[in-house]
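Welcome to this guided tour. Keep your viewer open, with the selection tool ready, and follow the stops in order.

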Amino acid sequence: MARPRRHDPERRDRIVDAALRVVGRAGIAGLSHRTVAAEADVPLGSTTYHFASLDELLVAALRRVNATFGARLRQGPEVQAPDLAAGLAALMGEWLAAERTGVELEYELYLAALRRPALRPVAAEWADEVVAALAPRTGPGTARALVALMDGISLQTLLTGAPYDEGYAREMLARILNEDPKGRAGTSSDPPMDATGT
């Protein structure tokens, strides 16, 4: 007689959380149904029941990451701050100061879309959500330029190991917004140096 199926409505979410931990620890190359099942402490068949392919699992993981940043942006005061450049620069600093593994995980999932077409619409959702939050204040074109700059500065900070320079970010964001960044405390026209001081 077959054992009755245990009611576990949160299992799908636990599998997604486990996938994020696996990718954070071992990268996307370390992701498999087997490693995720072991991490989530569920039968292997549970992962394939909820996610027929690894791409489906990665889509769910990327959506989870997108939702976290999007909620933070919508709920925070940065978009309504009188000095939008300063607000966004501070938000980037807060995000980059968080646990580095988590930030790297977000970018690894985001950049995985380059080789996994199934992820591309989800990766685009993140940019679209940030643009939608900023556009009422800046217009859609300027909002997209702000997102591109924020992405670029964040990636450079992660790749070079240089400390995040909030003053520099604020000044560059202000330039896109056609604001005058001169005279503001803590700004610099020079880009941040990498870890070697060059």
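**Stop 1: Tyr107**

Begin by selecting Tyr107, which is buried, with a relative accessible area of 7%. Here buried means under 20% relative accessible area, exposed means over 50%, and partly exposed is in between, using a 1.4 Å probe and protein chains only. Before moving on, note that this is a predicted model, in which local features need pLDDT of at least 70 and side-chain atom pairs count only at pLDDT 80 or more, while totals for chains, interfaces and linings use all residues. Residues are numbered from 1 along each chain as its sequence is written, and side-chain values use heavy atoms, with hydrogens and water left out.

**Stop 2: the aromatic rings**

Is Tyr110 buried or partly exposed? Its relative accessibility is 21%, so Tyr110 counts as partly exposed. Both Tyr107 and Tyr110 sit in helix α6, three residues apart, which is about one turn of the helix. Helices (H or I, at least four residues) are DSSP runs, as are strands (E, at least two), and they are numbered from the N terminus.

Tyr110 and Trp126 form an edge-to-face aromatic pair, 5.7 Å centre to centre with 65 degrees between the planes. Rings of Phe, Tyr and Trp (its six-membered ring) pair if their centres lie within 6.5 Å; planes under 30 degrees apart count as stacked, over 60 as edge-to-face and the rest as tilted. This pair links distant parts of the chain, with Tyr110 in helix α6 and Trp126 in helix α7 (residues 120-138), 16 residues apart. Trp126 is buried, at a relative accessible area of 13%.

How many aromatic pairs does the structure hold? There are three. Another of them joins Tyr107 and Tyr110, again edge-to-face, at 6.0 Å centre to centre and 75 degrees between the planes.

**Stop 3: the cavities**

The structure holds two cavities of 30 Å³ or more. On a 1 Å grid over the protein atoms alone, a cavity is a set of points where a 1.4 Å probe fits but cannot get out, and a pocket is an open set with protein on both sides within 12 Å along at least five of seven lines; lining residues have an atom within 4 Å of a point. Grid points are joined across faces, edges and corners, and a volume is the space filled by probe spheres set on the points.

For the largest cavity, about 110 Å³, select Leu62, Val65, Asn66, Phe69, Trp95, Glu106, Tyr107, Tyr110, Trp126 and Asp151. Helix α4 gives the most to this lining, with four residues. The lining of the largest cavity divides into seven nonpolar, one polar and two charged residues. In this count Ala, Val, Leu, Ile, Met, Phe, Trp, Tyr, Cys and Pro are nonpolar, Asp, Glu, Lys and Arg are charged, and the others, Gly among them, are polar.

The second largest cavity has a volume of about 90 Å³. To see its lining, select Phe69, Leu91, Met92, Trp95, Tyr107, Trp126, Met150, Asp151 and Ser154. Two or more of these residues come from each of α5 (84-96) and α8 (140-160).

**Stop 4: the second largest pocket**

The second largest pocket contains about 290 Å³ of space. Of its 16 lining residues, Thr68, Trp95, Ala98, Gly102 and Glu106 are the closest to its centre. Helix α4 supplies the largest share of this lining, five residues. Eight residues of the pocket lining are nonpolar, two polar and six charged.

**Stop 5: the nonpolar core**

Select Leu88, Val130, Leu134, Val147 and Leu173, which touch the most other members of the largest nonpolar core, a group of 30 residues. Such a core is a set of buried Ala, Val, Leu, Ile, Met, Phe, Trp, Tyr and Cys residues joined through side-chain atoms within 4.5 Å. Helix α5 gives the most to this core, with eight residues. Zoom in on Val147: leaving aside neighbours within four places in sequence, Val147 is in contact (heavy atoms within 4.5 Å) with Trp126, Ala127, Val130, Val131 and Leu134.

**Last stop: Val23**

Finish at Val23, in helix α1. At 3% relative accessibility, Val23 counts as buried. Not counting residues up to four places away in sequence, Val23 touches Ile28, Leu31, Leu105 and Glu108.
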